[in-house]
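Colleague: Could you take me through this model slowly, and tell me how each term is defined as we go?

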Amino acid sequence: MLTPPRTVVRREGGLYALERALQRRGFRHVAGADEAGRGACAGPLVAAAAVLPEGRRGEIDGLADSKLLTPASRERVYEDVVARALAYAVVIIPAEEVDARGLHVCNVAAMRRALASLTTRPEYVLTDGFGVDGLDVPGLAVWKGDRVAACVAAASVLAKVTRDRLMVELDGQYPGYGFAEHKGYITPEHSEALRERGPCVEHRFSYVNVAAVSGRAGRPPRSRRPALGPAPEPMERFDASGGTVGVALGEQPRPPAPVGEDVVMEGGVR
C-alpha cells in the first residue's frame, strides 16, 4: 500500500509557509478564521474568516497577529486585506448573546458562520486555537495560528479592527467607561468605572466581575441582564437592541477611527 508523500512546511516561507505547503498538496483556497474580544467583559465578540490569493498577490506587507501591530498598522493592513482577499466575512455576536449561549459556544459558532459565509469556498480551513466542527472541508486548529498562518493573521486583523471601531462607537453611546481606550477589556480604569457606575447593557453579565457589581451575582447570566428600556443609560434603562448574530460580507471599510492600544490587554507585547 502506497502512503502519500509527507507535506513539508518550509521554514523560509515564514507566515506563508503553512498555506504554501497546503497549496502544493492541491488545496488552492485555504481559509483562516480568528476572533477578537474573548477576554473583554464588554462589547461584542467578533469573528472573521479570510481566503488570500495564491502567490505574491496574497502576500501583504506588514501582516502579522493583530495584537502585535500598532493601531495605525492594523488599519493599513486591514485595508490591504479587504482589497486583496479572494473572500472575507465578519460575524458580530452581541454581549447579550454571549451571556445567553456562553462564550465558547458563541466563539466556535461565529467562526463556523464566518467560514460558511465566504463567497469563495475554502478547500482547507485553519483556525486559531479551537477546532470548528460542522464544516464539509478538512481543517486544522493551530496553536497561535495568527502568528503561524497568513490567512489566520488576516482574519485576526479583520476581527480586531472591526471590533475596535464598534467599541469606539459604543463609547459615544455609553460615555464614562472608556470603551474607546480599553475596548471593554478588564483594565484598572475599566474596573473602577464599573464600580462607580455599574454595568451598562453592553457589558457581559455572565462574567464574574460584571455580575459582582451588578447586584445580580447569584442569578444565572440571562436573568442578570438589566431590563430593557428606551434610553441608553447605565443600568436601569437601555436600548432594546437586537440579540441576533450579524454577518458582514465583503464589508466596505469605514473611515479610519482613532483606536486605543490594547496589545497588553490581549496578552501581546507592547
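Colleague: Is Cys 106 buried or exposed?
Modeller: This is a predicted model, in which local features need pLDDT of at least 70 and side-chain atom pairs count only at pLDDT 80 or more, while totals for chains, interfaces and linings use all residues. Residues are numbered from 1 along each chain as its sequence is written, and side-chain values use heavy atoms, with hydrogens and water left out. A residue is called buried under 20% relative accessible area, exposed over 50% and partly exposed in between, using a 1.4 Å probe and protein chains only. Cys 106 has a relative accessible area of 0%, so the word for Cys 106 is buried.

Colleague: How many disulfides does the structure hold?
Modeller: A disulfide is counted where a pair of cysteine sulfur atoms lies within 2.5 Å. By that definition, the number of disulfides in the structure is zero.

Colleague: Where do the buried residues of helix H7 lie, seen down its axis?
Modeller: Helices (H or I, at least four residues) and strands (E, at least two) are DSSP runs, numbered from the N terminus. In H7, residues 188–197, the buried ones are His 190, Ser 191, Ala 193 and Leu 194. The directions from the helix axis to their C-beta atoms define an arc, and because these residues fall within 160 degrees, they line one face of the helix.

Colleague: Which residue of E3 is the bridge partner of Leu 45?
Modeller: Two strands pair if DSSP finds at least two bridges between them, and strand E2 (residues 45–51) pairs with E3 (residues 87–93) in the antiparallel sense over seven bridges. The partner of Leu 45 in E3 is Ile 93.
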